[in-house]
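Reader: Could you take me carefully through a structure, one question at a time?

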Amino acid sequence: MSQDDAGIDLETSLGYLLKEAASALRGAMESVLRPLGMTVTHYSCLELLAQRPGLSNSELARGAFVTRQSMNVLLQTLERDGDVVRAAAAPVGKALPTELTEQGHRRLAAATRAVRGVEDRMLAGLTVSEQGAARRMLRSLVTSLRAEDASA
């Protein structure tokens with residue numbers, strides 16, 4: 001069996017370690033969001049809307065890394081629960097812009113405090129300089145992978 005046919009060494013695979021870190025982060029976030037009646041996707045949707053009011057279902061789905069169908073179900077729930085409002089008719093095309101309500105802003109503030117605590121815990125072993133270096137490295141990895149996807 002050639003080196004190319006050998007499996008990936010999980011102890012040294014950066015991709016596997018990134019997946020493990022993402023899984024640990026998601027689990028920690030779910031743990032602090034659950035008592036607030038939220039999931040990571042729910043929180044992500046509210047955060048995206050706070051930073052970019054008026055995003056469409058498709059834009060929210062891309063930003064939260066879920067399907068349009070999953071986001072549509074979530075938006076219906078958030079609208080029913082009073083966290084968001086959507087226009088009755090699309091101002092242009094078919095996209096219905098969505099915005100947070102006052103209640104949505106309050107719920108987001110509580111969730112943001114909880115998630116910030118998780119991120120602080122995750123970064124506790126790194127200096128400010130190391131945190132900046134980690135951000136740059138991760139951004140570089142994402143950029144490289146997206147450039148390869150775009151050229152394919």
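Author: The side chains of R86 and E79 are joined by a polar contact of 3.4 Å, where a polar contact is a pair of N or O atoms within 3.5 Å, one able to donate a hydrogen and the other to accept it within protein, with residues adjacent in sequence counting only if both atoms are side-chain atoms. This is a predicted model, in which local features need pLDDT of at least 70 and side-chain atom pairs pLDDT 80 or more, while totals for chains, interfaces and linings use all residues. Residues are numbered from 1 along each chain as its sequence is written, and side-chain values use heavy atoms, leaving out hydrogens and water.

Reader: Does R86 count as buried or exposed?

Author: Buried means under 20% relative accessible area and exposed over 50%, with partly exposed in between, for a 1.4 Å probe and protein chains only. Because the relative accessibility of R86 is 18%, this residue counts as buried.

Reader: Which strand holds R86?

Author: Strands are DSSP runs of E with at least two residues, and helices are runs of H or I with at least four, numbered from the N terminus. R86 falls within residues 84–86, which form strand β1.

Reader: How far apart are the end C-alpha atoms of helix α5?

Author: The expected span of a helix is 1.5 Å times one less than its number of residues. Helix α5 has 22 residues (102–123), so it should span 32 Å, and this agrees with the distance between its end C-alpha atoms, 31 Å.

Reader: Which residues of α5 are buried?

Author: An α-helix has 3.6 residues a turn, so residues three or four places apart point the same way. In α5, the buried residues are G104, L108, A111, T112, A114, V115, V118 and L123.
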